[in-house]
Amino acid sequence: MSDYIRTELAGGVLSVTFARADKKNAITQAMYTALAEATERTRTDDAVRVILFKAEGDSFSAGNDIVDFLGMGSGAMSNDLPVHRFLKSLADLDKPAVAAVKGRAVGIGLTLLLNCDMVVVAEDAKLSAPFINLAIAPEAASSLLLPMVIGHQRAFEIFALGEPIDGRTALAWGIANRAAPADQVDAIAADLAEKLAARAPNSVRKTKRLMRDAEQLWALMQRENEAFGSQLSSPEAIEAFTAFSQKRAPDFSKLG
Ligand code: COA
């Protein structure tokens, strides 16, 4: 349970709302547990036809909570952290996932979208995955899914330089289905979710299962986790996280 994740089921749509606006919806391990519970519920609760990820405040999500990272050390290598439970539930998810994205979508805020089926972004949203700036590694199968969707060179630049792309670019590159003014995003995403919830449920699930190889995605997520986890306690990552806490740029010049 987490106060920072709110869920609501209406008309077959399970809305999952990031509700930690003062921290730009950065995701703690407690929040991952709540996210995993919601995503797992889609498998067991026939009343849930669609899952819809959205957010309060001016950011979709600033990604993993970096303060959590600092406290994790080599424990992140294990595959039983709440974040891994959530990733597994995403790999296994066979009902449609829709996302409504306004403002910043950083790290898993972006890679989550690659595991969704329909994505609505604000035209001025800013999507980024600065894994290399943080001296870590991609997660959520993004090392496969991002280059698959937008091409290797664009994906590498997003991982390596960490600069954001806007919502219009996300639409042009195929990360999003729709881009709209920010004040229309939630309504458009809700409308899409409602339409999906009205479709024949078994046909939708079978189609999604055919389009994604859940086992392959989970196997890759575990390999990514090895790279991610071993980086997490490295001197370069500690420098990156410490620099974030101290609101300064990291200095990797003496690390090698
Ligand atoms: N983990 C922990 N805290 C975070 C966070 C994160 N990922 N992202 C933002 N916050 C916190 C900030 O520390 C700040 O806390 P404070 O008010 O106690 O100082 C608060 O949220 C607001 O963030 P701030 O940086 O002041 O907002 P901004 O509008 O200037 O910038 C971001 C927004 C998202 C661009 C910026 O916060 C950022 O770059 N965050 C880190 C993103 C990131 O690298 N995530 C990890 C990806 S794997």
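**Figure 1. Buried residues of helix 10 and the elements that cover them.** In this predicted model, the residues of helix 10 that are buried (under 20% relative accessible area, with exposed meaning over 50% and partly exposed in between; 1.4 Å probe, protein chains only) are Leu217, Trp218, Leu220, Met221, Glu224, Asn225, Phe228, Gly229 and Leu232. Their cover includes helix 2 (66–72), helix 3 (82–92), helix 5 (142–150) and helix 11 (235–245). Helices (H or I, at least four residues) and strands (E, at least two) are DSSP runs numbered from the N terminus.

Figure 2. Helix 10 comprises 19 residues (residues 214–232), which at 1.5 Å a residue should span 27 Å; the expected span is 1.5 Å times one less than the number of residues. The end C-alpha atoms are 26 Å apart, in agreement with that value. At the start of the helix, a side-chain oxygen of Asp213 comes to within 3.2 Å of the backbone nitrogen of Glu215.

Figure 3. Leu144 belongs to helix 5 and is partly exposed, because its relative accessible area is 29%. Not counting residues up to four places away in sequence, Leu144 touches Gln216, Leu217, Leu220 and Glu224; contact means heavy atoms within 4.5 Å. Although Leu144 and Leu220 are 76 residues apart along the chain, their C-alpha atoms are separated by 8.1 Å.

**Figure 4. The surroundings of Asn64.** Asn64 is found in the loop between strand 3 (50–55) and helix 2. With a relative accessible area of 12%, Asn64 is buried. Its side chain makes polar contacts with the side chains of Tyr32, at 2.6 Å, and Glu139, at 3.5 Å. A polar contact is a pair of N or O atoms within 3.5 Å; within protein, one must be able to donate a hydrogen and the other to accept it, and residues adjacent in sequence count only if both atoms are side-chain atoms. Leaving aside neighbours within four places in sequence, the contacts of Asn64 include Ile27, Phe69 and Phe228.

Figure 5. A nitrogen atom of the ligand lies 3.0 Å from a backbone N or O atom of Asn64. A polar backbone atom of Ile66 is 2.8 Å from a nitrogen atom of the ligand, and an N or O atom in the side chain of Lys247 is 3.1 Å from an oxygen atom of the ligand.

**Notes.** Residues are numbered from 1 along each chain as its sequence is written. In this predicted model, local features need pLDDT of at least 70, side-chain atom pairs count only at pLDDT 80 or more, and totals for chains, interfaces and linings use all residues, while side-chain values use heavy atoms, with hydrogens and water left out.
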